[in-house]
Amino acid sequence: MGTLLPLQPFVVVFVLFTSFRGINSSADPHLMSIPKDLYHSSDALLKEIKAMVVRHPDTLAMETMEAGNKGYAAEILVVTYNRQMKSANDKSKCRILLSFGQHGRELITSEVALKLLSVLAEEHNMDPMSSDKVLDNLLIKVVPMENLNGRKLVEAGDLCERRNGRGVDLNRNWGVDWGKKEKDYDPYEENPGTAPFSEPEAQIMRQLAKSFQPHIWVNMHSGMEALFMPYDHKNTTPNGPMSNLMELLLREVNHLHFQDKCLVGSGGGLVGYLAHGTTTDYMYDVAKVPMAFTFEIYGDSEASSKDCFKMFNPIDKGAFDKAVSKWSAALLTVFRLGLSQLSDDGNFTTSADLRKWVPIGGEVIDGSLVGDDKESKMDGLALGLQDMRNYFRLFLLSSVLLMFMFCSRISKSKYRQTNLT
């Protein structure tokens, strides 16, 4: 028995790790696999979206954005909706940026993206409250599958995988409060990467936000049903009139589409844990997006923690159709209400009086800032100071550990000398 003791910690860690990750999901008949009669494969879904764009060149356009570093590459399809594609006055429109599929295991979110695009392309008629006037004043960019590499791992059988293709949680890789770890930190669930924006997917999304300068941001997830606004990294919502307007919008969406059953408020205050380095907090605090939201669109609280697909995705046609339809409709309501709240006498302006848009001021990750905008530089400076504080904490911790090791060696040396004498 004595020779087996050193192996016990490894065995315990391995059992816990494999149990949580759902490695046995494909072998255990009691665990749900992907219902292929309901869900598109990643290839099939993107192919269908591309075909839709080809069918509707007057309202839809697409581009593929690519990035890579250290032997890892990613690409993201971006679809643009504009009812007046040839209009030269796009700057006068309300700009909306939507991301789906940031976590690989949350397949249902990308299905909502497909449905929403089909509604915008008028292949499906859903929302009786939408009007030509509303749609004419919108410019929407849709990222239907932000984490394609992670999604591929899920389709290969790792149904609990939420991270990207090299094990980083893309919703922890952004600059606001990056790298801070709570007591229950799990690297499989929340690995923030080696630095803010270390991941190509996050770099692409930041560049997209920088160039597009959205007025409304929505990040679609699953795991529960909730309508979240900032903040994720602390248990508060922002101060000021824009925060009040965001909450008012969410409560109206909750009432109209979900019978007031969704949680409404800050993610950090309601989800049950604090999340650091999230996209929505960056969009609001650094990119200065006037309205920034995270929507959680489905969750099965009774599913086993091993049964990841069932936890995050509906498994029968009725629940699937309901989730896809009601959240597509809810997004259309967000567009309508957001346009109304950010408009002045019905005419949309690019700078809301309640929260002035300030473009991202450059590549803040390495401290270099491009541009003369004072407020942009202050945003970058604040983020840089925040990163410096994180590195200083690491420096202090390392110093304490080194001092402890040094003192321990001195104590052992004195002990040996005492014994020798």
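Is Lys326 buried or exposed? Lys326 is buried, with a relative accessible area of 19%, where buried means under 20% relative accessible area, exposed over 50%, and partly exposed in between, computed with a 1.4 Å probe on protein chains only. The structure is a predicted model, in which local features need pLDDT of at least 70 and side-chain atom pairs count only at pLDDT 80 or more, while totals for chains, interfaces and linings use all residues. Residues are numbered from 1 along each chain as its sequence is written, and side-chain values use heavy atoms, with hydrogens and water left out.

**Salt bridges**

- A search of the whole structure finds 16 salt bridges, a salt bridge being a side-chain nitrogen of Lys or Arg within 4 Å of a carboxyl oxygen of Asp or Glu.
- Lys326 pairs with Glu225, their closest N and O atoms being 2.9 Å apart; this links distant parts of the chain, since Lys326 belongs to helix 12 (residues 317–341) and Glu225 to strand 6, 101 residues apart.
- Glu225 counts as partly exposed, at 28% relative accessibility.
- Lys152 and Asp43 meet through their side chains at 2.7 Å, N to O, and they too join distant parts of the chain, with Lys152 in helix 5 (residues 148–155) and Asp43 in helix 2 (residues 42–55), 109 residues apart.
- Arg83 and Glu122 form a salt bridge at 3.0 Å, N to O; Arg83 lies in the loop between strand 2 (72–81) and strand 3 (94–99) and Glu122 in the loop between helix 3 (107–120) and helix 4 (132–136), so the pair ties together parts that are 39 residues apart in sequence.
- Arg83 is partly exposed, with a relative accessible area of 23%, whereas Glu122 is exposed, at 58%.
- A network of salt bridges links Arg105, Arg162, Asp169, Arg172, Glu189 and Glu190.

**The largest pocket**

- The largest pocket has a volume of about 720 Å³, a volume being the space filled by probe spheres set on grid points joined across faces, edges and corners.
- On a 1 Å grid over the protein atoms alone, a pocket is an open set of points where a 1.4 Å probe fits, with protein on both sides within 12 Å along at least five of seven lines, and lining residues have an atom within 4 Å of a point.
- The lining holds 35 residues, of which Arg105, Arg162, Glu189, Val271 and Tyr273 lie nearest the centre of the pocket.
- Helix 11 gives the most to this lining, with three residues; helices (H or I, at least four residues) and strands (E, at least two) are DSSP runs, numbered from the N terminus.
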